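Hello,

Here is the structure I promised to pass along. Could you open it beside this email while you read?

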Amino acid sequence: MMLRRGFILFLPRLVGLLVVACCSMSIVYMLACTPKGDNQQLALPRVHSPTSKEGYEAILQEREEQHRNYITSLKKQIAQLKAELQGRTEQLKNMQNQYPDSLDIQLDHSKPEKAQANLLAFLRSQVDKAEVHSGVKLSTEYAAVPFESFTLQKVYQLETGLTRHPEEKPVRKDKRDELIEVIELAVGSLNKPDGVSKAKPHVYTASDFVEGIYRTEKNKGTLYELTFKGNAKHQFKKIVLFRPFGPVMKVKNENVNMADTLINVIVPLAKRASKFRQFMQNFREMGIQQDGRIHLTVVYFGKEQMNEVKSILENTSKSANFKNFTFIQLNEEFSRGKGLDVGARFWKGNNVVLFFCDVDIYFTAEFLNSCRLNTQPGKKVFYPVLFSQYNPSIIYGDHDSIPSLEQQLIIKKETGFWRDFGFGMTCQYRSDFINIGGFDLDIKGWGGEDVHLYRKYLHSNLMVIRTPVRGLFHLWHEKQCLDELTPEQYKMCMQSKAMNEASHGQLGMLIFKQEIETHLHRQKLSSKKT
């Protein structure tokens, strides 16, 4: 009875506490759920307002409506994203079916029939992607891939390559074998019976071939169009062939650590102390300060200016704290091949990368890494094609002053050219140089020794890496072709001298300078009269 009375007395208080708790929770909920929009935040009604209860209910209703709208918007966005994802997935599946993955084609040996079918589908797709059946829209006149034409004897080419001839007998074995294969395939296709005509078929031979054109799209394949003589005058047979390129496949994936790979830069020298001072500035900045894994061997001929050269070398050694150098003096007539050979054989340390260099060469630290990465003992030697600088006084003749050397070293057709006829700057491991037999020491003076060594490597099983590099420059200097040179050496020297001066356009401006000045003078006179 006592407990019941106590409970009845306590019940109103409990109800009051519950009401207060509910109101408190409502206020907390409204504070937490009120969105902080731009200038749209609603204030709570005042406690003593006569419409405080209605205000809370209105706010709660409004907030609930806002959350419903927000959830609806999110659901729509999710639905749109799902639809877009599904569309992209279907598109990707179609592309994979049309152009199967190259690695699957090459590496899926567990299903050879599927791999063969995928490869065939890929090769057929290459024909569809290339300009075989129809043309494609191009942005500029330079975007067109030009054809080259050929006959049984000659190839007529726009990209002259290392031979620099606009027409030539195909001297490269891969090009020669390629064209022979194409002509033989075309002849075989023409002589294949069609099963329709009952007349005695004409038997085609290679002598019926008139001319052909071909071009290569690097990522698709090579298109050939060949024309043969027909059965009568003014009649021809035309056959179109296409060699599709296969899919790209991974051959090797390896880590290459060059942290301990030392380069021995060998420079043969006679006199030219001022040029050597310029060379040592480049060597100090790029070789010593930036690279640091380098040795210098100077092979000096004679005694004239020798003390000055040694002084430059010793000063650099002291100021840069550089001890990795060797100075060799020979009392004999200058021979570039002899100097490089002596410098290479003088080295007594471990197998080292040799960089045969000249005093009028400028190199970057980036090139030194290329030198390391493109050489491998017993496998690869590196023959970079350097960029040769034109005569600065001609290039910058219209300027107030000639820019600094670093500003001049820009790879543009107005400033220089790829020296693709030169083979003097090369990187190889000392072991490969010794094994190949080194230089021909019977060659004296300028030129010839580098080509002889280059041919030795070509005739070996070593891979010769020949490529233009952006970090190796031949600095312009006036070239003297001495009377003591052999006729062949003198001719090579004069050809090199002519190419070193300026581009065709710049030389043309010099040749026609008088005509240009006369024209400008007439223009001034006519403008004054008017």
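Below are my notes on a few strands and helices.

This is a predicted model, in which local features need pLDDT of at least 70, side-chain atom pairs count only at pLDDT 80 or more, and totals for chains, interfaces and linings use all residues. Residues are numbered from 1 along each chain as its sequence is written, and side-chain values use heavy atoms, with hydrogens and water left out.

Let me start with strand E5 (residues 221–229), where seven of the nine residues are buried (under 20% relative accessible area, 1.4 Å probe, protein chains only). Strands here are DSSP runs of at least two E residues, and helices are runs of at least four H or I residues, numbered from the N terminus. E5 pairs antiparallel with strand E4 (residues 209–217) over eight bridges (pairing needs at least two DSSP bridges), and three residues separate the two in a hairpin.

Now the helices. In H8 (residues 336–346), the buried residues include Arg-336, Leu-340 and Asp-341. The buried residues of H8 pack against several elements, among them strand E7 (263–269) and helix H13 (449–458), with contact meaning heavy atoms within 4.5 Å.

Best wishes

Notes: Buried < 20%, exposed > 50% of the residue type's maximum accessible area, 1.4 Å probe, protein only.
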